[in-house]
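Here is a brief report on a sheet, one of its strands and a surface patch. Please view the model alongside the text.

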Amino acid sequence: MKRFVLLAAVWLAPQMTGAVQLSDYLPANVDYDPSIPTPRSVLGWEVGEWHVRHDLLVQYMRTLAAASDRIHLEETGRTYEQRPLLLLTITSPANHSRIEDIRREHLALTRPGTATRPLSDMPVVVYMGYSVHGNEPSGSNASMLVAYHLAAARGPEIDRVLASTVVLLDPSLNPDGLSRFAQWANMHRSKSPIADPESREHQEHWPSGRTNHYWFDLNRDWLPVQHPESKARLGTYHRWKPNVLTDHHEMGSNATYFFQPGVPSRRNPLTPERNVALTHRIASYHARAFDQQKRLYYSEESFDDFYYGKGSTYPDVNGCIGILFEQASSRGHLRESIHGAFDFPFTIGNQFTTSLSTLQAAFENRQDLLAYQKEFYDSASSLARSDPVKAYVFGDSRERARTYHLLDI
């Protein structure tokens, strides 16, 4: 298997000057519809100049959805602090006109013997989830750029992608934590950004924005499913059964950028080899994108693919390709590191880059991903038939509450 290592020789980090432009993020030679609102037109400042609060993120996504026939926005739930959990379904207008048919045809791939539509006629489904840890905010801030690009880009290429792809974009997996951290980073931001890691801006107090309202790590709740954020997310997941799921995180500031596969010896043995092969194939798209930008990255040298209760591994036991992204964190707006100082827009740009490389990989490998999903469920059904264990009996008439709560999970 090919291993992706540090190929770039220089850390090319744009420095925070207050003059970051939307064009600094967007791919070159793409025409954008001027009638689609940019983030600046709603926020009043460019993405990356400040940390976006969740209410402003929601305001931008609602404004964008109202202006674009490529986006359907829905509220899937509420956090403990009554912040809305949003889902943007992004695809071509033609697909939107028959979106329920597309969803039912897609779900048939997971129900052996019921699929009738040829794979060549079916869109691939990509779930993009950002910042389940609220103080790892580059993902949620990048989600505005992803949504804008998919809504405003014009031309034959984006038309082909949207005709063959359904994007389920979750801009903030942890709204309460994101807002908690944004307030901290913004209230301590100086007019001239301070890169010293000992500055107050970089020393967030406990409880940090990592967790939700009850200080629970939502990236450990994919199996227990105890919190409203997780219940909404898992509801969307099983309503669609996506082919690829992205999980955008941050890590220590002296790192670079990581994407899966993780350490080979730390993979769950139940994950099929075909899953690993497809993860490697998708990884080549991220590597190519970073090579073109001369930015540092690595893969297979840290992080595990073992515990199925995390966002990047839960999909692996559900016929999907889960992908973890880890960006070195600026913590605030500008940060010193062993690679030199780098700023918040740089971290956002990297998350945006891998969002687009994921979409390109899913589009170009659409039929292979759909075929893998179908084969996964066909083989699971076959294995179940050959297993001598046919059922488990559980429950206790004297402990009916326990039985109820087990079924609820």
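## The sheet

Two strands count as paired if DSSP finds at least two bridges between them. In this predicted model, β2 and strand β3 (residues 84-90) are joined by seven bridges in the antiparallel sense. Within that pair, Glu74 has Leu87 of β3 as its bridge partner.

The open sheet has seven strands, in the order β2-β3-β6-β4-β7-β9-β8, and its pairing is mixed. Its edge strands are β2 (71-78) and β8 (257-259), each pairing on one side only. On average, neighbouring strands are turned by 20° against each other, direction ignored. Helix α9 packs on the sheet and touches β7, β8 and β9. The direction of α9 makes about 35° with that of β9.

## Strand β7

β7 has parallel partners. Strand β4 (residues 124-130) pairs with β7 over five bridges, in the parallel sense. Tyr127 has Leu245 in β7 as its bridge partner. Strand β9 (residues 321-328) runs parallel to β7, and eight bridges join them. There, Asp247 stands opposite Leu324 of β9.

Is β7 (residues 244-251) mostly covered or mostly open? Mostly covered: eight of its eight residues are buried. In a regular strand, side chains alternate between the two faces of the sheet. One side of β7 carries Val244, Thr246, His248 and Glu250, all buried. The other carries Leu245, Asp247, His249 and Met251, also buried.

## A nonpolar patch

Leu223, Phe306 and Tyr307 make a nonpolar surface patch of about 270 Å². Phe306 lies in the loop between α9 (273-293) and β9. Its relative accessible area is 45%, so Phe306 is partly exposed.

Technical notes. Residues are numbered from 1 along each chain as its sequence is written. This is a predicted model: local features need pLDDT of at least 70, side-chain atom pairs count only at pLDDT 80 or more; totals for chains, interfaces and linings use all residues. Side-chain values use heavy atoms; hydrogens and water are left out. Buried means under 20% relative accessible area, exposed over 50%, partly exposed in between (1.4 Å probe, protein chains only). Helices (H or I, at least four residues) and strands (E, at least two) are DSSP runs, numbered from the N terminus. Patches are made of residues with over 30% relative accessible area and no salt bridge: like charges are joined within 9 Å, nonpolar side chains (Val, Leu, Ile, Met, Phe, Trp, Tyr) within 5 Å. Accessible areas come from the Shrake-Rupley method with a 1.4 Å probe; for residues, only the protein chains shown count as cover. A salt bridge is a side-chain nitrogen of Lys or Arg within 4 Å of a carboxyl oxygen of Asp or Glu. Axes are lines fitted to C-alpha atoms, for helices over the stretch in contact, and angles run from 0 to 180 degrees between N-to-C directions. Contact means heavy atoms within 4.5 Å.
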